Amino acid sequence: MSKAVYIVDGVRTPFLKSRNRPGPFSASDLATAAGKSLLIRQAFAPSELDEVILGCAAPSVDEVNIGRVAALRMGCGQKVPGWTVMRNCASGMQALDSAIANMLSGRSNLVLAGGVDALSRVPLLYSDLMVVWFSNFMAAKSPLQKAAMFLKLKPTQLLTPIIGLMKGLTDPYVGLLMGQTAENLAHRFGISRLQMDEFAARSHARVIHAQENGLFSDSHDGLAPEIAPIYDEKGDLFKDDDGVRKDSTAENLAKLKPFFDRKYGNVTAGNSSQITDGAAWLVLATDEAVKRHGLKPLGRIVDSQWAGLDPAQMGLGPVHASTPILERHGLKLNDLDAWEINEAFAAQVLGCLAAWKEDKYCREELGLERAMGELDQEKLNVDGGAVALGHPVGASGARIVLHLLHTLKRAKGKRGIASICIGGGMGGAMLVEAL
């Protein structure tokens, strides 16, 4: 990058698992709560921000430009622009990258950027047939005509709504659910059910270890807590990620039935990321903003990369996005001190590791002379990932960048990459350096 872009601070909400009903917080509630807790401890007023950028994959119809809604609710004032970006699973990372672009161009110096989604609140939808029925019902003029419309209504039309989330998680180009693309990777690289379940169990175990040792909730190494507790309207406290389970062992996970390919598949609800609500923010600053406000940067974003690939194998996006960064900086996989690869599915992360190890894939798909090699999994998602924490789609890209910085600071590491696969056949990655 032509000039430094610093990470000054960051925070996220607890990630709250969907319980098959609307969760206690809307997306703007989550973004506002996290943002207020972050801004209140800064050396600048919220009104001194140059802009607020928020990634969100599924904003509700009453807060479509949720970035502006959150900016106003956080007290940034009417003069601070707020806007929303969407790149599916990487919406939060896209918000960071959009901020970087404006900072490198000189249009902004101090930006609040992040991501949010409240997936528990993605609505149920009426079918086109039901919409037409409602239209005709409203057009009927007499009570008798309206009554006659009910004779044309089939109960199945009324009682079988379209699940909006399932539509959103289905690729419109190849017609596959995201979990079916994970099955494709498992088949391509020979990833077994046991490998998936062991990876998922490890994710839960690592999150539990992190929670028990206060790695998300306590201050450490000059960093404020990663999680900011939030309260609902009833005064109930939510302070921890609540999707993690102590009984998620490989043995117990093996009892679950495949969900996406019920006859031949191995991808289950247990070795997939959870449907979750959550928000994450980072404060980004240039040298000018750091000097003006006397800020103390924690790290900097050194480089970023986006990549496209076959939508039917979208889970390999981290391979395609991270590899060019490694090449540009003359780095090998294990030259980095830490990696965060978002765990959309256990099979998807394992597929990425397998692709880097395979000569054929690296030559034909990445244009390399040989395989990149084997990534040391002791450096990968050391505190667990989305299989245990959950994957609020718009927030995850920002969360992994924030947590990567926490991991680097705690381990006295220098550099790491945060990377994420993206529905539609894309990948995103950022090289982060701790200061």
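Keep in mind that the model is a predicted one. Strand β5 is largely enclosed by the rest of the structure, since 9 of its 9 residues are buried. Salt bridges number 18 in the structure, and a few of them get a closer look below. The last stop is the crossing of helices α4 and α5, which is right-handed.

- In β5, one set of residues pointing the same way is Leu110, Leu112, Gly114, Val116 and Ala118. Val111, Ala113, Gly115 and Asp117 point the other way, and both sets are buried.
- On the parallel side of things, β5 pairs with strand β3 (residues 51-55) through 5 bridges. Within that pairing, valine 111 of β5 is the bridge partner of glutamate 51.
- β5 also pairs with strand β10 (residues 276-285), this time in the antiparallel sense and over 9 bridges. Here aspartate 117 sits opposite glycine 278 of β10.

**Salt bridge: arginine 19 and aspartate 242**

- Arginine 19 and aspartate 242 form a salt bridge, with 3.5 Å between the closest N and O atoms.
- Arginine 19 is in the loop between β2 (16-17) and α1 (27-39), while aspartate 242 is in the loop between β9 (237-238) and α10 (250-253), so the pair ties together parts that lie 223 residues apart in sequence.
- Arginine 19 counts as partly exposed at 45% relative accessibility, and aspartate 242 also counts as partly exposed, at 30%.

**Salt bridge: arginine 300 and glutamate 433**

- The side chains of arginine 300 and glutamate 433 meet in a salt bridge at 3.0 Å, N to O.
- This pair links distant parts of the chain, with arginine 300 in strand β11 (residues 299-308) and glutamate 433 in strand β14 (residues 426-434), 133 residues apart.
- Arginine 300 has a relative accessible area of 25%, which makes it partly exposed. Glutamate 433 has 14% relative accessibility, so it counts as buried.

**Salt bridge: aspartate 383 and arginine 410**

- Aspartate 383 and arginine 410 bring their side chains together in a salt bridge at 2.9 Å, N to O.
- Aspartate 383 lies in the loop between α14 (359-364) and α15 (386-389), and arginine 410 lies in helix α16 (residues 393-410), so this pair links distant parts of the chain, 27 residues apart.
- Aspartate 383 counts as buried at 3% relative accessibility, whereas arginine 410 counts as partly exposed at 24%.
- There's a network too: Arg12, Glu226 and Asp241 are joined into one by salt bridges that share partners.

**Helices α4 and α5**

- Helix α4 (residues 128-139) and helix α5 (residues 143-151) have axes that come within 8 Å and cross at roughly 160°.
- That angle makes α4 roughly antiparallel to α5, and the crossing is right-handed.
- On the α4 side, the contact is made by Trp133, Asn136, Phe137 and Met138. On the α5 side, Lys146, Met149 and Phe150 make the contact.

Notes:
Residues are numbered from 1 along each chain as its sequence is written. This is a predicted model: local features need pLDDT of at least 70, side-chain atom pairs count only at pLDDT 80 or more; totals for chains, interfaces and linings use all residues. Side-chain values use heavy atoms; hydrogens and water are left out. Buried means under 20% relative accessible area, exposed over 50%, partly exposed in between (1.4 Å probe, protein chains only). Helices (H or I, at least four residues) and strands (E, at least two) are DSSP runs, numbered from the N terminus. Two strands pair if DSSP finds at least two bridges between them. A salt bridge is a side-chain nitrogen of Lys or Arg within 4 Å of a carboxyl oxygen of Asp or Glu. Axes are lines fitted to C-alpha atoms, for helices over the stretch in contact, and angles run from 0 to 180 degrees between N-to-C directions. Angles under 35 degrees count as roughly parallel, over 145 as roughly antiparallel, 65 to 115 as roughly perpendicular and the rest as oblique. A crossing is left-handed if the near helix is turned anticlockwise from the far one by less than a right angle, and right-handed if clockwise. Contact means heavy atoms within 4.5 Å.
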